[in-house]
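Please read it alongside the sequence and the structure shown here.

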Amino acid sequence: MTLRFPKGFLFGAATSAYQIEGAWNEDGKGESIWDRFAHTPGTIEDGTTGDVACDHVHRWSEDIDWMARLGLDAYRFSISWPRLLPAGSGQTNPAGIAFYDRLVDTLLEKGILPFATLYHWDLPQALEDRGGWTERSTAEAFCEYARVVARELGDRVKHWMTLNEPFVSAFLGYGDGRHAPGRRSEREALAAAHHHLLAHGRSVPILREHVHDGHVGIALNLCPVHAASPSDRDQRAASRLDGVLNRTFLDPLADRGYPSDVPYDRSVLDSLVREGDLREIAAPLDFIGVNYYTRRVVRDETVPERENAPRTVRLRREKTQMQWEVYPEGLYELLDRLRREYDFPSYYVTENGAAYPDQIGPDGRVRDPKRISYLRRHLEQSLRALEAGVPLRGYFVWSLLDNFEWSHGLGRRFGLIYVDFPTAKRIPKASFDWYGATIAQHAIPQEPA
Ligand code: FCB
């Protein structure tokens with residue numbers, strides 16, 4: 001196997017607004033559901049919030065210098081909806097627009113392609129107060145927001161993702177309450193899922209209208225689901241979980257409607273779908289962004305209160321600090337499946353990375369050999385997918401910086417750059433140097449001894 005990446009393949013790193021920006025209530029920014037959620041006692045494992053996070057709003061220029069030192073081809077970031085439209089719709093916030101203007105201009109000056117995500121989970125609280133994603137009107141507000149952003153930045157930002165991981169936002173935010181806004185209802189999760197997809201589909205033509213030569217996609221958390229045994233029951237449980245995690249989003253985007261072999265109550269979805277929705281959701285895309293971390297292995301165990309709920313089996317395998325199995329082959333499996341079963345024009349790995357409890361050594365350096373090994377093995381699987389004919393155009397490490405990892409708080413470090421949160425000081429890790437060498441050589445280098 002050749003270890004070289006094709007010409008034009010983009011190496012990037014990713015972040016998201018709430019996880020790095022801080023300045024949660026500065027310069028006219030409105031409150032988001034993550035501000036509200038993290039300020040609610042008991043929601044975040046270590047009691048921290050994203051109020052300051054990496055303080056990126058004040059340190060963006062230094063952060064772009066680090067990106068340039070790393071040699072990034074592309075940078076994936078998200079735009080904070082309540083920083084631009086504090087109440088979700090209506091009045092725009094000029095200071096918010098100015099912030100992203102400067103960010104984009106400076107990225108371009110340094111030769112780094114901006115890849116922008118419109119929605120990485122930070123819904124304006126004002127919209128949540130009116131029902132949030134359980135309401136169709138939120139999809140309409142999203143279109144207004146998309147139009148503002150596309151008008152302001154579409155002359156310079158050519159790569160757009162509408163949503164990040166609508167599965168997580170809908171099912172963890174409205175279904176099991178682990179994420180903002182912390183609601184717990186299957187019906188609400190399904191409504192949220194449909195309205196996310198509707199918001200996505202309706203915003204695609206808006207982006208196309210305002211962005212000349214635009215590339216429009218969506219970032220999905222996709223995950224191979226394997227059965228713990230060859231038994232029919234386990235196989236079916238795996239397929240149902242695949243239905244929720246993967247096909248509930250891929251199938252409607254590919255104009256196949258919602259899948260039917262799913263463990264949730266399909267009739268709830270059916271009751272929400274109006275004439276024309278599925279056509280809008282299937283708006284042609286330029287790419288699918290794949291966020292890949294691990295696989296799921298499941299066994300069918302009927303849990304009394306949740307009929308047919310599959311149980312994830314914990315294997316004794318190498319794991320990251322998130323307790324996610326390190327399973328690089330899954331990335332190949334996923335990309336190859338997309339190539340065989342779907343016909344989206346191209347793909348990016350829009351997130352891939354690992355959390356480890358990194359520490360600053362006595363010499364002031366941060367050595368993270370496990371992260372290097374994780375990234376190396378996933379890049380190898382990306383090459384394998386390319387060789388199998390997958391139109392994979394780029395790869396983004398999650399994350400550029402250690403940041404606020406949602407309900408885990410500040411205790412899960414995913415960065416190529418270590419952030420000392422009390423001082424916001426940035427210290428590049430060994431993985432930063434290794435990834436820099438990968439980019440420079442356009443090939444996978446040896447791991448440092
Ligand atoms: C993904 C999210 C991203 C980050 C990583 C670890 O699900 O998109 O924000 O939290 O997981």
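Helices (H or I, at least four residues) and strands (E, at least two) are DSSP runs, numbered from the N terminus. On that basis, Thr350 belongs to strand S10 (residues 347–351). The model is predicted, so local features need pLDDT of at least 70 and side-chain atom pairs count only at pLDDT 80 or more, while totals for chains, interfaces and linings use all residues. Residues are numbered from 1 along each chain as its sequence is written, and side-chain values use heavy atoms, with hydrogens and water left out.

**Overall fold**

- The protein chain contains 15 helices and 13 strands.
- Its radius of gyration, taken over C-alpha atoms, is 21 Å, close to the 22 Å that the globule rule gives for 449 residues, so the chain is as compact as a globular protein of that length. The globule rule is 2.2 Å times the number of residues to the power 0.38.
- The C-alpha trace spans about 55 × 55 × 45 Å along its principal axes.
- Of the 449 residues, 62% count as buried; buried means under 20% relative accessible area, exposed over 50%, and partly exposed in between (1.4 Å probe, protein chains only).
- The accessible surface comes to about 17200 Å², and carbon and sulfur atoms account for 47% of it. Accessible areas come from the Shrake-Rupley method with a 1.4 Å probe, and for residues only the protein chains shown count as cover.
- Contacts (heavy atoms within 4.5 Å) between residues at least 6 apart in sequence join residues at least 24 apart in 76% of cases.

**The barrel**

- Eight strands form a closed barrel with parallel pairing, in the order S1-S2-S3-S4-S5-S7-S10-S11. The twist from one strand to the next averages 25 degrees.
- Two strands pair if DSSP finds at least two bridges between them.
- Strand S3 (residues 113–119) pairs with strand S4 (residues 159–164) in the parallel sense over four bridges, and Ala116 stands opposite Trp160 in S4.
- Helix H5 (residues 94–109) packs on the sheet and touches strand S2 (74–78) and S3; the direction of H5 makes about 170 degrees with that of S2. Axes are lines fitted to C-alpha atoms, for helices over the stretch in contact, and angles run from 0 to 180 degrees between N-to-C directions.
- Helix H10 (residues 232–253) also packs on the sheet, where it touches strand S5 (215–221) and strand S7 (287–291); the direction of H10 makes about 160 degrees with that of S5.
- S4 and S5 are joined in the parallel sense over four bridges, with Trp160 opposite Val216 in S5.
- S5 and S7 pair in the parallel sense over five bridges, and Leu220 stands opposite Val290 in S7.
- S4 is mostly covered, as six of its six residues are buried. In S5, six of the seven residues are buried, so this strand is largely enclosed by the rest of the structure.

- Thr350 is buried, with a relative accessible area of 0%.
- The side chains of Thr350 and Asn291 are joined by a polar contact of 2.6 Å. A polar contact is a pair of N or O atoms within 3.5 Å; within protein, one must be able to donate a hydrogen and the other to accept it, and residues adjacent in sequence count only if both atoms are side-chain atoms.
- Beyond its neighbours within four places in sequence, Thr350 contacts Ala14, Arg76, Met161, Ala219, Gly289, Val290, Asn291 and Phe396.

**Gln125, in a helix**

- Gln125 lies in helix H6 (residues 125–128) and is buried, with a relative accessible area of 6%.
- A polar contact of 2.8 Å links the side chains of Gln125 and Asp129.
- Apart from neighbours within four places in sequence, Gln125 is in contact with Glu31, Ser32, Ile33 and Arg36.

**Thr438, in a helix**

- Thr438 is part of helix H15 (residues 430–441) and counts as buried at 0% relative accessibility.
- Neighbours within four places in sequence aside, Thr438 is in contact with Phe11, Leu379, Ala443 and Pro445.
- Thr438 and Leu400 are 38 residues apart along the chain, and 15 Å separates their C-alpha atoms.
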